[in-house]
Amino acid sequence: MVHQYRKKASAALTSWIRAFTEEKLGQAEKTELDAHLENLLCRAECTKQNTERIMKQTEVLLQPNPNVRIEEFLYEKLEKKVPTRMNNHEVLGLSMIESGSEFGPGTAYGNALIKCGETEKQIGGAEREFIQSSAINFLTPFRNFLEGDFKTILKERKLLQVKRLDLDAAKTRLKKARVPDARAVAEQDLRMTQSEFDRQAEITRLLLEGVSSTHAHHLRCLTDFVEAQTTYYAQSYQYMVDLQKQLGSFPSTFSSNNNQSSSSSGGASISVPTIPLSASMLSPSPGLGLSGFHELRNSSGSRKARVLYDYDAAGSSELSLLADEVIMVSSVPGMDSDWLMGERGTQKGKVPITYLELLN
């Protein structure tokens with residue numbers, strides 16, 4: 001029985017290789033995928049390549065030292081905790097504090113060094129929070145797509161290629177069959193392989209259409225990343241403004257050389273404008289208008305919404321959108337939380353909430 005199974009497997013492999021070779025040599029017809037599926041495949045590949053590129057450059061931004069990045073990667077693969085190390089601001093702050101202590105906290109220079117060191121450590125802490133937030137809310141979802149959803153797409157795409165070659169081989173066998181019995185067997189084989197190919201094409205299509213949800217999710221992650229950057233830079237700026245005020249209280253003898261040269265030449269002194277910072281800039285905001293969507297999901301009514309960006313529907317169940325147009329949206333039980341049901345006149349279909357702004 002094992003021998004028979006091996007014999008059948010060997011025959012199938014030989015047929016598959018022959019079909020593949022004949023297609024490459026132009027000696028056999030090739031079953032083409034429909035244009036919509038081809039476009040979905042291209043979009044998925046484009047999403048994968050750009051996700052990898054954005055991830056790589058974000059990692060460089062968060063950790064410029066390539067040796068440290070390699071070390072952190074190895075710790076992650078070994079599932080071990082990365083040892084805590086001070087960042088550059090914290091190292092500089094510690095050096096300033098130690099130097100200031102040696103000069104003496106009672107001296108103007110020593111006191112100034114200590115204050116600068118404490119501020120650098122505060123900036124280092126803000127940077128650490130920014131890196132942790134970006135890794136969790138931005139890099140992790142991107143990595144999950146590459147290591148999860150896209151690998152599933154690749155697996156099903158390879159299986160679709162196998163089914164296509166099986167279908168082409170069945171077509172070739174039918175063409176070569178001359179005896180009625182052989183033609184009957186070949187026709188039955190063709191019907192079966194055609195059915196398997198169609199089913200695999202549908203599975204692959206459904207997975208590929210899910211890339212639209214991935215784009216919507218990555219857009220929310222991008223918003224979180226921008227908010228984390230805003231918080232980090234706003235905190236750092238506020239720390240430096242406070243430090244500047246503290247250093248301004250020291251005697252004029254210890255002013256900077258730039259200020260001395262300016263005053264000696266009779267020129268106007270240069271001051272840094274203080275930018276008013278709201279509380280929302282100094283702490284992460286909970287979200288941008290998401291409460292309205294939550295209320296809409298919990299109700300049975302509909303709301304007007306303005307479209308923020310153009311959106312091309314990925315399937316017949318979705319609705320294409322044009323920027324700045326106003327549509328009606330409502331919640332449908334069982335629908336994914338990232339989507340709403342949109343209506344424009346007689347047209348109706350799913351729309352991603354990240355492309356919408358609810359109107360009063």
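**View 1. Cys-46 is partly exposed in this predicted model.** Its relative accessibility is 43%. Which cysteine sulfur is closest to the sulfur of Cys-46? That sulfur belongs to Cys-42 and lies 9.0 Å away. The gap is too far for a bond, because a disulfide needs the two sulfur atoms within 2.5 Å. The count of disulfides by this rule is zero.

**View 2. Cys-116 is a buried cysteine.** Its relative accessible area is 18%. Cys-116 counts as buried because this value falls under the 20% cut-off.

**View 3. Phe-103 and Tyr-109 form a tilted ring pair.** By the rule for ring pairs, the count comes to 10 aromatic pairs. In the pair shown here, the ring centres of Phe-103 and Tyr-109 are 5.1 Å apart. Their planes meet at 45 degrees, so the pair is tilted.

**View 4. Ring pairs build an aromatic cluster.** Phe-130, Phe-138, Phe-142 and Phe-225 belong to the cluster.

**View 5. Lys-350 places its charged end over the ring of Trp-339.** How far is this charged end from the ring centre? The distance is 5.0 Å.

**View 6. Asp-324 sits in a loop between two strands.** Strand S1 covers residues 302-307, and strand S2 covers 326-330. Is Asp-324 buried or exposed? Asp-324 counts as exposed, because its relative accessibility is 54% and the cut-off is over 50%. The backbone of Asp-324 has a positive phi of about 80 degrees, although Asp-324 is not a glycine.

Key: Residues numbered from 1 in each chain as written. Predicted model: local features only at pLDDT ≥ 70, side-chain atom pairs only at ≥ 80, totals over all residues. Heavy atoms only, no water. Helix = DSSP H or I, 4+ residues; strand = E, 2+ residues; numbered from the N terminus. Buried < 20%, exposed > 50% of the residue type's maximum accessible area, 1.4 Å probe, protein only. Phe/Tyr/Trp six-rings, centres within 6.5 Å; stacked < 30°, edge-to-face > 60°. Lys NZ or Arg CZ within 6 Å of the ring centre and 35° of its normal.
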